[in-house]
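I opened this notebook to record what I looked up in the structure.

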Amino acid sequence: ALDLAEAYAKARQNDPNWSAARNSFEAEQQTVNIGRGALLPTLAISGSISENSFESDIAAVPPATNDADFQSTQYGAKLTQPLFRADTWYGYQRSKAISSQAEAGFRSQEQQLALRVAQAYFAVLSAQETLAYAQSEEAAFARQLDQAQQRFDVGLIAITDVLEARAANDGARAGRIAAEAALSTAQENLTAIIGEAPGRLAPLKPDAPLVKPTPADPDAWAKLAKERNPDLAAAQQSYKTARAVTRESRSGHLPTVDLFASYSSVDNQLDTVGSSATVGLQNGTTTSYGVEASWVLFAGGRTYAASKQASYREAAAQDQLTATERQVVNNARTAYLNVSADAYRVEARKQAVASNESSLAAVQAG
């Protein structure tokens, strides 16, 4: 029989939603590398080969000419290291917040997977018990119908009693059919998660313990939820991301400073025979290094509008964080109360089952 742990293991292997969440998490982890790369040196190389034709406006003494056809070969390399780029730095901080948010979301998806497997698993067990109850109910009403028919045949009851018994039997049959459909649906839901037909499931043990929450204090569970709940952690990282975006947008008003070093080579080959070479072709190499700065003083208001937009989104993220925190606390308190109440409810139902069994024994003896 398939138990809950095996069902969860199969879901981690076969559930497409979990696979998508895992791949999305791995993709978001590269955001930090992308943000860090903008702070590290960049090396670019370039090169060109061109055919050129020069026609001079100055007349030359024959047979010489100032016109020239020449081939130019150029190549170079430039190394750049950012020295001061506030937008890039805050972009890197944003990438770290995005990565942390993705990690918290991934942990939330992991918890959701465990919850979905458990709900689908126990839904099948519940549907099986419901079907067994419906089958027993149908059999009981069938016996009542048979008894009513026999009593009617000997003239002890009226035909209306038989019709009422037949109606109850038909209703029980309809309930059994509905229970069979519900069981098939529950099995299909579990199949969609674990990727294969579940077959026979391991039922709960008759003496399965129902442990009450410890500590028995809803405030303690609310505090624990605020510390460990992944959805709340994701909301916190979302707020940090929005705050970093605001700073990144505002840094568009600041200058950028880079350190650079470059090397270039030019090789011009004169093709025209008899040219006086007044075209001034020069061959050689150039090496340069230094610091270059850029400061955008006006960009059509785009930087200002982007910073205002980011500030509004930061405020929205902060409000969402507050709402998520309140919801997490409420869910923790509600879950504690429900689990505690369910523990007492199960104990009460066990006593009800024992009382009904005693009642059944008394009726059978009578």
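**Entry 1: salt bridges.** I took a salt bridge to be a side-chain nitrogen of Lys or Arg within 4 Å of a carboxyl oxygen of Asp or Glu. The model is predicted, so local features need pLDDT of at least 70 and side-chain atom pairs count only at pLDDT 80 or more, while totals for chains, interfaces and linings use all residues. Residues are numbered from 1 along each chain as its sequence is written, and side-chain values use heavy atoms, with hydrogens and water left out.

**Entry 2: Arg173.** I found that Arg173 forms a salt bridge with Asp170, with the closest N and O atoms 3.0 Å apart. The two are separated by about one helical turn because they lie three residues apart in helix 4; helices (H or I, at least four residues) and strands (E, at least two) are DSSP runs, numbered from the N terminus. Arg173 also meets Glu138 in a salt bridge, at 3.7 Å from N to O. This second pair links distant parts of the chain, with Glu138 in helix 3 and Arg173 in helix 4 (residues 159–194), 35 residues apart. I noted a network of salt bridges that links Glu138, Asp170, Arg173, Arg176 and Glu180.

**Entry 3: accessibility of these residues.** I used relative accessible area with a 1.4 Å probe and protein chains only: buried is under 20%, exposed is over 50%, and partly exposed is in between. Glu138 counts as buried because its value is 14%. Arg173, at 33%, is partly exposed, and Asp170, at 37%, is partly exposed.

**Entry 4: Leu131.** I located Leu131 in helix 3, where it is buried at 11%. Its C-alpha atom is separated by 5.0 Å from that of Ala179, 48 residues apart along the chain. Counting contact as heavy atoms within 4.5 Å, and leaving out residues up to four places away in sequence, I found that Leu131 touches Arg176, Ala179, Glu180 and Leu183.

**Entry 5: Glu314.** I placed Glu314 in helix 7 (residues 302–365).

**Entry 6: Asp342.** I recorded a salt bridge between the side chains of Asp342 and Arg345, at 2.2 Å from N to O. Asp342 is partly exposed at 34%, as is Arg345 at 39%.
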